[in-house]
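Student: I have just opened this structure and would like a guided tour. Could we take it one step at a time?

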Amino acid sequence: MTESRVALVGIIVSSKEAIDDLNHLLSEYGEYIIGRMGLPYKERKISIISVAMDAPADVINSMTGKLGKLPGISTKTIYAKNM
């Protein structure tokens, strides 16, 4: 069995073009998502989304790789130190 990791995925949405695809992808990986928080930043016309996950690293990397290919979406992931 692959070791599960705790990670925080930061997502910046700078275009509404891919919102449906973004939400679909997050739903696809829903079993690994601990929680999600979204903040609209109207002054800059962006949204900031934080997604906490507990999943094998390859699952997290797969999701963030797919998210990063969407237009107007930027992501960065940080992992908890091994516990």
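## The sheet and its helices

Student: Over how many bridges do strand 1 and strand 3 pair?
Tutor: Strands are DSSP runs of E with at least two residues, helices are runs of H or I with at least four, and both are numbered from the N terminus. Two strands pair if DSSP finds at least two bridges between them. One example involves Leu-8, whose bridge partner in strand 3 is Ala-52. Strand 1 and strand 3 pair in the antiparallel sense, and the number of bridges is ten.

Student: Before we go on, what pLDDT do local features need in this model?
Tutor: Residues are numbered from 1 along each chain as its sequence is written, and side-chain values use heavy atoms, leaving out hydrogens and water. This is a predicted model, where side-chain atom pairs count only at pLDDT 80 or more, totals for chains, interfaces and linings use all residues, and local features need a pLDDT of at least 70.

Student: Which strands stand at the edges of the sheet?
Tutor: The sheet is open, with antiparallel pairing, and its four strands come in the order 2-3-1-4. An edge strand has a single partner, so one of its sides is left without a neighbour in the sheet; here that holds for strand 2 (33–41) and strand 4 (73–79).

Student: Good to know! Which residue in strand 3 is the bridge partner of Gly-38?
Tutor: Strand 2 and strand 3 (residues 46–56) are an antiparallel pair with eight bridges. Along this pair, Ile-33 stands opposite Met-53 in strand 3. For Gly-38, the bridge partner in strand 3 is Ile-49.

Student: In the hairpin of strand 2 and strand 3, which residue takes a positive phi?
Tutor: The hairpin has four residues between its strands. The residue you want sits in that loop, is not a glycine although its phi is about 60 degrees, and is exposed at 71% relative accessible area. Exposed means over 50%, buried under 20% and partly exposed in between, with a 1.4 Å probe and protein chains only. The residue is Lys-45.

Student: Is Ile-48 buried, partly exposed or exposed?
Tutor: Ile-48 belongs to strand 3. Counting heavy atoms within 4.5 Å as a contact, and leaving aside neighbours within four places in sequence, Ile-48 touches Ile-11, Ile-12, Met-37, Gly-38, Leu-39 and Tyr-41. Its relative accessibility is 29%, so Ile-48 counts as partly exposed.

Student: Now the helices. At about what angle do helix 1 and helix 2 pack?
Tutor: Axes are lines fitted to C-alpha atoms, for helices over the stretch in contact, and angles between N-to-C directions run from 0 to 180 degrees. The axes of helix 1 and helix 2 are 10 Å apart, and the packing angle is about 175 degrees.

Student: Why is helix 1 called roughly antiparallel to helix 2?
Tutor: Angles under 35 degrees count as roughly parallel, 65 to 115 as roughly perpendicular, the rest as oblique, and those over 145 as roughly antiparallel. The angle here is about 175 degrees, and therefore helix 1 is described, relative to helix 2, as roughly antiparallel.

Student: Which residues of helix 1 are buried?
Tutor: Helix 1 (residues 19–28) lies across strand 1 (4–13), strand 2, strand 3 and strand 4. The face turned away from its buried side carries the exposed residues Asp-20, His-24 and Ser-27. The buried residues pack against strand 1, strand 2, strand 3, helix 2 and strand 4. They are Leu-22, Leu-25 and Leu-26.

Student: Last one: which residues is Thr-64 in contact with, leaving aside neighbours within four places in sequence?
Tutor: Thr-64 is part of helix 2, and helix 2 (residues 57–68) lies across strand 1, strand 3 and strand 4. With a relative accessibility of 11%, Thr-64 is buried. Beyond those sequence neighbours, its contacts are Val-9, Thr-75 and Thr-77.
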